[in-house]
Amino acid sequence: MTTTAAAIAHRIDAFVPKSLTAAQWEVAAPAARRLVRAAGPTTAEDAKCLLSSLCTFLAAPSGWDRESEPDFTVLLRDASIAAFKEKFAGYSRTRDNHVGRLRSLQRALVGIARVAGRPHPRRRPASRAVRLAQVVCADRSVATLAAVMGQTTGKALTASRLAGAAIETDRPVQATVTARSTSTVGIDQTVLGAYLHAADSDIQKGVVRATKPTTTRPAKPLSNRRQLANERAERAAARRIQAGPRLAPDPDPTSLDPAVRDAVEQYRPADLSDAEWARLRPLTLRLVVGSRPPSVVSARNVASIVVPFLVWASALPGRPDPASPPDALDLLSQPLVELYAGPGGSWMRRQDVPQETVSTARTVLRRAVRSLDADRQETRFTYVPIDAPYTPAECDELAWLATNQPTVTKERNACFLIGLGLGAGLSATDLRLLRRQHIQEHHGPDGTVYLLVTVPGARARSVPVRRQYEALVIRALELSEDEGPDALVLGKKATRRNVTYVASHGMVTAGEDAAVQIQPHRLRTTWLFAWMNAAIPLGNLLRMAGLRSARSLADLLPLCPPADPAVVDVLVAQVRDAAVGTPSKAARP
């Protein structure tokens, strides 16, 4: 057994959940450990996360009686996972992580291998208008680019347009900022000066965006009323599990647009005989209508995905009556969608179908099959925009506070967190593996001396520290000099979960409210916001930030102070002249 395999086995055997009592875990542990082993965790941390999500699911109203060993083939149904997702009280990212792991465990029940990481969708290239604006604004800020785009096209610079512009102007960059990156992305020397001296920026006047609270209320004991409600939910979940899936009433075709309804009723696949189509047509129509296609094209696309799925399901071995068409209850009782279009080891993947096609089929089929379930959840989760950055005054206060802590340890941790968060935009993930040796003094080709942070891990890149916060990082390095170059900048273990807690919740003041709680993600947002308002092109920004998506930039654009109108007018004229091939008469600002 290799070292990694031994560590995984030890973590599975030694895991003790916080969400279940000792008596409950004693009953559930054998089945939970078997399932996690079958899922094939790649690291000890991966095994721990799978077990944690599984126990969180069991602790919720999942239908488990807590007295007998849980049968996960019954418990881990699509409807149960959807109910867990809808009732989960916590951060949306935590909820989505739990659901993703539960999906992996659900697939493991039927022998489907897990896939490391998430597939990245193919991005659409930028339009000609975006490309022209990007060329004209090559040495301008992202905020200026957005203003120019708004005047030339009449449309906002959305996340998709930002991503498309970055791909069009800097394709090698985009290939290196995904989670699968293995090489270190370096600094572009042409924008080094603008970056090093980029100052913190205030948000646009009149724009207000609430931020998440930094403190949480202490948990109160459950009231009798709440306990009774939980018990009722547990009993209802248990009844649903024991009774099995319940079919929803047939969807009403008249609820669809008449043109869509006609397209659904007239649909006829060309590669099936009349007899085969007669067997599959009723269930096909029910699934397509249940998915509520918004247009004729969408209805035909859904039908073209549903029909091959039903043909495949009809031919599965072990069916009691192979000559009969699939039954709606069959689709709900087994994870057939995952077997057919799962991300790894599914039938479509074994046929070498492109990953994008498989993902589309899986999404469509999940929605269609879910419409058959009377217990399905229809909750929609809205996107919550990124928190606002700290103001320059707040940044100055945090920097002063970091160097005025009562102990060396507190000052060291605070200087590393504030200096690297505001100065280099490092996230908690970046800081997890960062060691003192990764921060070095660097000499540029023109003799410029600056601190350079070589970020290890999945988003490896090299990021200089802004001049404004160099002193904090240097101070932290001095205070930790006796720890050696291999010491982690925060914490003692690289496997710790909450990387920044030791610093973000450890700062104190001399006032009555002695504790100071910092939001580390807002430190990175503040650094990103300063970039967006400095003369640094979009491609360089994405590369240095290690971003996999431009959505954060689109969220922050409305907060950017307005660009100089005179500068924007000149740039807009240049874009319009370039569009017709006429040189601009306006001088470059």
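Me: Is Glu478 buried or partly exposed?
Reply: Glu478 is partly exposed, because its relative accessible area is 47%. Buried would need under 20%. Keep in mind that this is a predicted model.

Me: What does the side chain of Glu478 meet in a salt bridge?
Reply: It meets the side chain of Arg475. The N to O distance is 3.9 Å.

Me: Where do Arg475 and Glu478 lie?
Reply: Both lie in helix α23, which covers residues 467-479. They are three residues apart, about one turn of the helix.

Me: And how accessible is Arg475?
Reply: Arg475 has 33% relative accessibility, so it counts as partly exposed.

Me: Why would such side chains pair at all?
Reply: Side chains of opposite charge can pair when their charged atoms come close.

Me: How many salt bridges are there in the whole structure?
Reply: A search finds 17. One of them joins Glu338 and Arg107, at 3.0 Å from N to O.

Me: Which parts does that pair tie together?
Reply: Glu338 is in helix α17 (residues 336-341) and Arg107 is in helix α6 (residues 92-108), so the pair ties together parts 231 residues apart in sequence.

Me: Are Glu338 and Arg107 buried or exposed?
Reply: Both are buried. For Glu338 the relative accessible area is 3%.

Me: Which other salt bridge does Glu338 have?
Reply: Glu338 also meets Arg366, at 2.7 Å from N to O. That pair links distant parts of the chain too: Arg366 sits in helix α19 (residues 355-370), and the two residues are 28 apart. Arg107, Glu338 and Arg366 are linked in a network of salt bridges.

Me: New topic. What does the side chain of Thr526 contact?
Reply: A polar atom of that side chain lies 2.8 Å from the backbone nitrogen of Tyr390. The backbone oxygen of Arg522 lies 2.7 Å from a polar atom of the Thr526 side chain.

Me: Where is Thr526, and is it buried or exposed?
Reply: Thr526 is in helix α25, residues 520-532. Its relative accessible area is 2%, so Thr526 is buried.

Me: How many residues of helix α26 are buried?
Reply: Eight of its eight residues, so α26 is mostly covered, given that buried means under 20% relative accessible area. Among them are Leu538, Asn540 and Arg543. Just after α26, Gly546 takes a positive phi of about 65 degrees.

Me: Last one. Which residues form a positive surface patch?
Reply: Arg225, Arg226, Arg232 and Arg235. Arg232 lies in helix α12, residues 224-243. At 48% relative accessibility, Arg232 counts as partly exposed.

Note on methods. Residues are numbered from 1 along each chain as its sequence is written. This is a predicted model: local features need pLDDT of at least 70, side-chain atom pairs count only at pLDDT 80 or more; totals for chains, interfaces and linings use all residues. Side-chain values use heavy atoms; hydrogens and water are left out. Patches are made of residues with over 30% relative accessible area and no salt bridge: like charges are joined within 9 Å, nonpolar side chains (Val, Leu, Ile, Met, Phe, Trp, Tyr) within 5 Å. Accessible areas come from the Shrake-Rupley method with a 1.4 Å probe; for residues, only the protein chains shown count as cover. A salt bridge is a side-chain nitrogen of Lys or Arg within 4 Å of a carboxyl oxygen of Asp or Glu. Lys and Arg count as positive and Asp and Glu as negative; His and the chain ends are not counted. The place of a charge is taken as NZ of Lys, CZ of Arg, CG of Asp or CD of Glu. Helices (H or I, at least four residues) and strands (E, at least two) are DSSP runs, numbered from the N terminus. Buried means under 20% relative accessible area, exposed over 50%, partly exposed in between (1.4 Å probe, protein chains only). A polar contact is a pair of N or O atoms within 3.5 Å; within protein, one must be able to donate a hydrogen and the other to accept it, and residues adjacent in sequence count only if both atoms are side-chain atoms.
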